[in-house]
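This report walks through a two-chain model. Please keep the sequence and the structure open while reading.

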Amino acid sequence: MPRKLVRPFILLSVFAGLCGLFSFGCPQDQRKTVKVMGSTSIQPFAEELGREFEAKHPGRKAQVEGGGSTAGIQALADGLADIGMCSRRLKEDEADRFTPVLIARDGLAIIVHPSNPVDDLSVEQLRGLFSGSITNWKDVGGNDAPVRIVSREEGSGTREAFMNLVMGKTRVARRAMVQASNGAIAAMVRSDPSAIGYMSLGQIGNDLKTVRVNHEAPTAESVLAGRYKLARPFLFVTSGKPGPDAQAFIDFVLSAEGQEILESEGLIRVK
Amino acid sequence: MKQDKLIKAILMAVALSAIGGLGLITLFIFKEGLPIILQIGVADFFCSTDWSPGEQRFGILSMIVGSVAVTLGAMAIGVVFSLGLAIVLTQFCPPKVAGVLKPLIELLAGIPSVVYGFIGMVTIIPLIREYVGGPGFSVLAASIVLGIMVLPTVTSISIDALNAVPRSFWEGSVALGATRWQTTHMLLLKAARSGILAAIILGMGRAIGETMAVIMVTGNSLEIPRAITDPVRTLTSNIALEMNYATGQHRKALFATGVTLFIIIMALNTLAMAVSRRRVAGGGNR
């Protein structure tokens with residue numbers, strides 16, 4: 001070895017040795033991991049549940065990732081996740097292959113700027129607003145201002161739920177603005193006096209105004225009683241019978257404690 | 001000597017792996033994206049404005065128009081400021097001041113794009129909504145944000161181009177009685193023309209490829225904009241917005257969007273190289 005290279009070589013080996021020592025010194029994570037992946041609407045709740053689950057069951061770990069309802073089911077099919085989170089009903093081909101467990105219900109809230117005087121809309125009016133056939137707020141009893149629609153991107157569970165519950169076969173107007181998360185939708189509507197959007201009821205802050213739909217305010221009670229029509233299921237989906245780790249997490253979520261967490265976070269309990 | 005050879009081989013391997021990476025990326029994008037373009041039909045894919053992946057309809061014309069509109073807007077704003085800056089910094093400002101200003105402008109390139117997008121969202125958009133009209137999220141907002149983002153690229157390459165004009169040109173012109181400004185716009189700008197053009201084209205490449213900042217300020221609607229205050233969706237934001245959820249044909253169609261973007265950017269870069277190689281005769285800088 002040339003003389004000049006000797007010193008760097010020694011330094012490098014010492015460095016490598018130290019690295020090895022450190023990684024050896026740290027205990028490997030021995031906990032049994034359940035991988036949960038899917039809907040960004042369910043993700044924050046699943047993360048909260050995961051923390052409590054880990055606190056209660058040392059030796060177990062819940063790893064929660066987003067990606068979207070469809071991506072979650074895809075990950076399940078590919079074996080990359082143990083549980084898929086899905087914020088819409090399963091499609092027919094999905095229902096044939098996977099088993100859903102209802103963990104909670106969520107309302108779909110219609111949100112407008114706090115200064116917007118409109119506070120009650122029918123499903124037909126909503127369809128008109130979002131399809132672009134109603135273009136001015138005064139046609140639904142509001143100010144003389146153009147309607148600016150904010151929607152979710154193609155493939156989002158929230159969008160699909162909205163399409164099923166409100167739009168039916170009608171399409172959302174092409175001039176609708178599109179954002180890729182509940183948070184971004186909220187930010188857009190909060191800043192624009194003529195905007196209207198939809199988002200998960202569980203994630204609404206108090207600086208947004210929700211609209212009554214067919215005279216029903218979106219609350220946990222009205223969703224549970226079935227009076228508020230824009231509600232969707234939050235599902236944990238497994239491929240066949242879940243393994244013991246996944247089953248432990250599902251059991252926790254369905255337990256009184258898990259359901260209470262979901263309720264305190266704004267969702268509607270199912271047990 | 002042996003060591004030399006070793007180092008040379010290592011460096012060569014590093015250089016080749018970079019090029020190899022580019023080759024693999026190209027191959028992958030085209031492999032994923034090209035079949036679906038052919039399946040949909042070139043005309044239907046590029047000339048239809050109907051993008052509804054849920055119904056298996058993939059037309060990207062509105063996104064192409066969106067990207068072009070936003071890029072042209074950004075260049076209209078960016079080029080005026082960049083060229084102005086380049087001229088001031090090379091011709092009209094004491095070298096000491098220029099020495100401070102130039103690194104500051106280059107610092108702009110180091111700010112992450114999500115920060116530009118956020119600033120645009122909380123400051124520019126309310127201003128546009130209030131004083132210009134429309135929802136604020138618009139071609140105009142993106143043009144302003146991107147105009148600022150391309151400043152460092154276009155300014156520093158333009159400065160290099162202006163500095164590369166031989167000193168004797170300037171001396172000759174001033175000796176003939178021309179003022180500084182006359183010298184600048186009648187002589188220097190013409191002599192440095194190809195370099196400045198290359199700077200502008202490279203700036204365009206940056207503008208058209210920008211994603212995060214654009215998603216945050218354009219509103220991402222699917223309609224072709226009729227005014228600069230209308231929202232718009234670009235090719236890049238289409239990919240980033242929908243990639244998370246896309247499966248099957250939809251995913252492939254997003255790769256096809258990537259193919260389109262790839263071709264546009266390759267064309268721009270090739271153009272930039274061709275232009276900067278064609279120097280004005282006697283320009284002196286090789």
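## An exposed threonine in chain B

B:T270 is exposed, with 11 other C-beta atoms within 10 Å. B:T270 sits in helix α12 of chain B, residues 248–277. Its C-alpha atom is separated by 24 Å from that of B:S237.

## Basis of the model

This is a predicted model: local features need pLDDT of at least 70, side-chain atom pairs count only at pLDDT 80 or more, and totals for chains, interfaces and linings use all residues. Residues are numbered from 1 along each chain as its sequence is written, while chains are lettered from A and ligands numbered from 1 in the order in which they are written.

## Chain B overall

Chain B has twelve helices and two strands. Helices (H or I, at least four residues) and strands (E, at least two) are DSSP runs, numbered from the N terminus. The order from the N terminus is α-α-β-β-α-α-α-α-α-α-α-α-α-α. Along its principal axes, the C-alpha trace of chain B spans about 70 × 65 × 35 Å.

Chain B has 286 residues, and 40% of them count as buried. Of its contacts with a separation of 6 or more, 75% join residues 24 or more positions apart. Two residues are in contact if their C-beta atoms, placed from the backbone, lie within 7 Å.

## Helix α9 of chain B

Helix α9 of chain B covers residues 193–209, 17 residues in total. From first C-alpha to last, α9(B) reaches 25 Å, close to the 24 Å expected at 1.5 Å a residue. The expected span is 1.5 Å times one less than the number of residues. Is α9(B) largely enclosed or exposed? In α9(B), 13 of the 17 residues are buried, so the helix is largely enclosed by the rest of the structure.

## Chain A: fold and domains

Chain A has ten helices and twelve strands. Of its 271 residues, 42% count as buried. Residues 24 or more positions apart supply 73% of the chain A contacts with a separation of 6 or more.

Strand β1 (residues 32–38) and strand β2 (residues 60–67) of chain A run parallel, joined by seven bridges. Strands pair if DSSP finds at least two bridges between them. A:M37 has A:E65 in β2(A) as its bridge partner. With helix α2 (residues 43–56) of chain A, β1(A) and β2(A) make a right-handed β-α-β unit. Right-handed means that, with the strands pointing away from the viewer, the path from the first strand over the helix to the second runs clockwise.

Chain A is divided into domain 1 (32–106 + 233–264) and domain 2 (107–231). The bounds come from an automatic or database domain assignment. The C-alpha centres of the two domains of chain A lie 27 Å apart. Twelve residues of domain 1 are in contact with 14 residues of domain 2.

## Where the chains meet

The contact between the chains takes 20 residues from chain A and 21 residues from chain B. On the chain A side, α3 (69–77) and β7 (177–179) are the elements that give two or more residues. That side has six nonpolar, eight polar and six charged residues. Here Ala, Val, Leu, Ile, Met, Phe, Trp, Tyr, Cys and Pro count as nonpolar, Asp, Glu, Lys and Arg as charged, and the others, Gly among them, as polar.

How values were computed:
Buried ≥ 20, exposed ≤ 12 C-beta atoms within 10 Å, placed from the backbone.
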